[in-house]
Amino acid sequence: MKYVTVCFIFVCSLVAVRSQDLFAGSVIITSRPFDNFTVDDPTDILFNIDVGNRDRENSGTITGIKVYLTNRDEYEKATKVSDAIDAIVDAARAPVEVPANTDGQKITANRATVWVDDDQCSAYTHICFVIQHADTDTQTEEGSDDDDSCLPLDGVQASQIVSCPVVDDGKDSATVTTPSLLLLSSVFLLVGRFSY
């Protein structure tokens with residue numbers, strides 16, 4: 001429960017407003033057509049996510065799920081974040097009601113189309129699923145740090161790695177390979193020196 005100040009014709013009072021205490025649990029990607037996320041083509045994924053409700057008396061409502069590519073395993077701590085991808089929440093049940101005092105209600109058959117932007121492509125290490133509910137826009141950072149569940153892009157569940165385009169830094173191939181040739185020459189010199 002949270003309180004807001006309501007004023008009407010110079011008279012103010014505190015009014016109790018019900019706040020939702022929903023949280024994201026485990027997430028599983030159940031279907032994907034490609035092995036990699038790329039900047040060239042979108043990748044459609046299906047996923048299930050568990051959502052809990054700590055409120056002992058009131059149910060909560062999931063109004064949506066947003067998907068992000070990030071560089072951290074917690075969305076709120078990421079310094080590189082993709083644009084929001086709006087997932088299509090289980091159409092048969094949307095909006096999804098989460099009963100009071102629930103540890104994890106599974107929301108299945110959610111769909112998202114993942115696009116990768118090439119500007120931050122190489123920084124992405126995780127895919128994060130962030131639940132949206134009535135308090136999402138008004139929560140403090142402390143209150144919203146359990147609204148997300150992230151998977152590593154090279155992990156068992158999100159066993160896809162982001163394929164980024166090769167960046168042309170303007171160097172020709174001879175310049176790029178020179179350090180390798182120098183290292184190889186040094187190895188041969190050392191081997192020759194100690195083979196006596």
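Which hand does the link of Cys121 and Cys164 have about the S-S bond? The link is left-handed, at -95°. This comes from a predicted model, where local features need pLDDT of at least 70 and side-chain atom pairs count only at pLDDT 80 or more, while totals for chains, interfaces and linings use all residues. Residues are numbered from 1 along each chain as its sequence is written, and side-chain values use heavy atoms, with hydrogens and water left out.

Searching the whole structure turns up two disulfides, a disulfide being a pair of cysteine sulfur atoms within 2.5 Å. In general terms, that is a covalent bond between the sulfur atoms of two cysteines. Cys121 and Cys164 have their sulfurs 2.0 Å apart. This pair ties together distant parts of the chain, 43 residues apart: Cys121 sits in the loop between β9 and β10 (126-133), and Cys164 in the loop between β12 (161-163) and α2 (173-194). Helices (H or I, at least four residues) and strands (E, at least two) are DSSP runs, numbered from the N terminus. Cys121 counts as buried, at 2% relative accessibility, whereas Cys164 is partly exposed at 31%; buried means under 20% relative accessible area, exposed over 50%, and partly exposed in between (1.4 Å probe, protein chains only).

The other disulfide joins Cys128 to Cys150, with 2.1 Å from S to S. Here the link is right-handed, with 110° about the S-S bond. Cys128 lies in strand β10 and Cys150 in strand β11 (residues 148-152), 22 residues apart. Both of these cysteines are buried.

Now for the charged pairs. Side chains of opposite charge can pair when their charged atoms come close. The model holds five salt bridges, each a side-chain nitrogen of Lys or Arg within 4 Å of a carboxyl oxygen of Asp or Glu. One of them pairs Asp50 with Lys106, at 3.1 Å from N to O. It bridges 56 residues of chain, from Asp50 in strand β5 (residues 43-53) to Lys106 in strand β9 (residues 102-114). Asp50 is buried at 15%, and Lys106 is partly exposed at 42%.

Asp86 and Lys66 also pair up, their closest N and O atoms 2.5 Å apart. Asp86 belongs to strand β7 (residues 85-86) and Lys66 to strand β6 (residues 60-70), 20 residues apart. Asp86 is exposed at 53%, while Lys66 is partly exposed at 22%. Lys77 meets Glu74 at 3.7 Å, N to O; Lys77 is partly exposed at 42%, and Glu74 is partly exposed at 28%. Finally, a network of salt bridges links Asp21, Arg54 and Asp146.
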